[in-house]
Amino acid sequence: MDDDMEAGQVAERRVLVLEAITDSTLMELDLDKLLAVLLWRVRELFEADTVTVLLVDASGDQLVARATVGLEAEVFQGVHVPIGAGFAGRVAHERRPVRIERVDESTVTNPLLWEHGLRVMAGAPIVAHGDVLGVLHVGRTTSRPFTDEDVELLQLVADRLAMDVHAHHARAERAATVMLQESLLPSRLPSTGDWLFAARYVPSPQSGVGGDWYDVFRLPGDRLGVVIGDVVGNGLRAAIVMGRLRSALRAYALEFDDPGEVLGKLDRKASYFENRTMATVAYAVIDTVTHRMELSLAGHLPPVVAMPDAPPAFLTAPVGPPVGYDLAVTGRLTATFDVPPGALLAFYTDGLIERRNVDLDAQLERLREHVFAGDPEKVCSRIMAALIGSEPPGDDVALVTVRHLPSHGRPG
């Protein structure tokens, strides 16, 4: 009879936990409010004195206290626990639930836990899509240990939290990435005498906003800088690296005239400070007086040039390795070209031409055929219609067109 009663109590408790974590009203809450509500429920259902959620920080090496009931000082003090160290760090490192029946400096790294009087603890990893996102742990100030059933149910709660934490991270990262990308792309292209510019940027709906960028800026001495680049990867990290490279390139462009030297400095900076990062970059400097352009390519595809009296063609320029590829890269090369009145240049990232199961050379030829020596806005529209059309791109697309107006000063 006692066994039947105990089994009934276990089943009833499981139902209560399942009801608590599947409550549809939780779906309407943001992450902070959801944690606040769910942690209070967990405290009651597990007869715990403390319930805490720690989430992995941006470095991926530390757990940071995000929400708690009963241990508010953890959040207020910004407690950090190295993954692999102490109790919570062990749970994250081993990716499995852990119980301890002694709480002191030999089992935990955070003194707040034993100073609060905790005697026993149980923790479960918060894992989504194979990645450890954090740890959920409960504690008691009595010596009554957590049971196997407690640990199993705690893992159910942690699995429920994993969905919410992952969704929150995805939404927050995309919003931050889009905002960062929009803040770094030029809000207005320069307008200068005989030179016109147009540009397009389209983030991929599949991979999300990434590290593609373009830039056009004035330089001392009647010169114009034109940049287009692509940081390997996508998401917030790629956008952050893109922002750093963009700012660094602008700074180097003010100090050094030669595009090859600028990309060499950028390469050195990326190799030292942007660990495991690569980017392709094309950087050109146009002298608006001599009508000559100096161009350096770091792993980037060459621009297309269209003349009024000749078919469009890819510029022939030496291509060095991508930025960040190798710290030992030296002596990046610069090629010089005439850009006579009437000419148009088209710079682009590989998202414009790369398609799954489509030959790259055929796509490059298709691009070349649709570049013409005309109004840069019309050229952009024609290129995007021909190569993107109604199909969403699989990668970010950046495109910049530059027109040296004919001598009569009007687009041809």
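## Close-up views of a predicted model

**View 1. Lining of the largest cavity.** The largest cavity is lined by Leu54, Glu74, Val81, Phe87, Ala88, Val108, Thr109, Asn110, Leu113 and His137. A cavity is a set of points on a 1 Å grid over the protein atoms alone where a 1.4 Å probe fits but cannot get out, and lining residues have an atom within 4 Å of a point. The model is predicted: local features need pLDDT of at least 70, side-chain atom pairs count only at pLDDT 80 or more, and totals for chains, interfaces and linings use all residues. Residues are numbered from 1 along each chain as its sequence is written, and side-chain values use heavy atoms, with hydrogens and water left out. The largest cavity holds about 60 Å³ of space, a volume being the space filled by probe spheres set on the points. The count is one cavity of 30 Å³ or more.

**View 2. Salt bridge between arginine 250 and aspartate 215.** These two side chains meet at 2.7 Å, N to O; a salt bridge is a side-chain nitrogen of Lys or Arg within 4 Å of a carboxyl oxygen of Asp or Glu. Arginine 250 belongs to helix α7 (residues 236–255) and aspartate 215 to strand β8 (residues 210–219), so the pair ties together parts that are 35 residues apart in sequence. Helices (H or I, at least four residues) and strands (E, at least two) are DSSP runs, numbered from the N terminus. Aspartate 215 is buried at 1% relative accessibility, whereas arginine 250 is partly exposed at 32%. Buried means under 20% relative accessible area, exposed over 50% and partly exposed in between (1.4 Å probe, protein chains only). The structure has 13 salt bridges in total.

**View 3. Salt bridge between arginine 223 and aspartate 257.** The closest N and O atoms of this pair are 3.4 Å apart. Arginine 223 is in strand β9 (residues 223–234) and aspartate 257 in the loop between α7 and α8 (259–273), so that the pair links parts of the chain 34 residues apart. Arginine 223 is buried, with 14% relative accessibility.

View 4. Glutamate 365 and arginine 368 meet at 2.5 Å, N to O. They are three residues apart in helix α9 (residues 360–369), a separation of about one helical turn. Glutamate 365 is partly exposed at 31% relative accessible area.

Notes: On a 1 Å grid over the protein atoms alone, a cavity is a set of points where a 1.4 Å probe fits but cannot get out, and a pocket is an open set with protein on both sides within 12 Å along at least five of seven lines; lining residues have an atom within 4 Å of a point.
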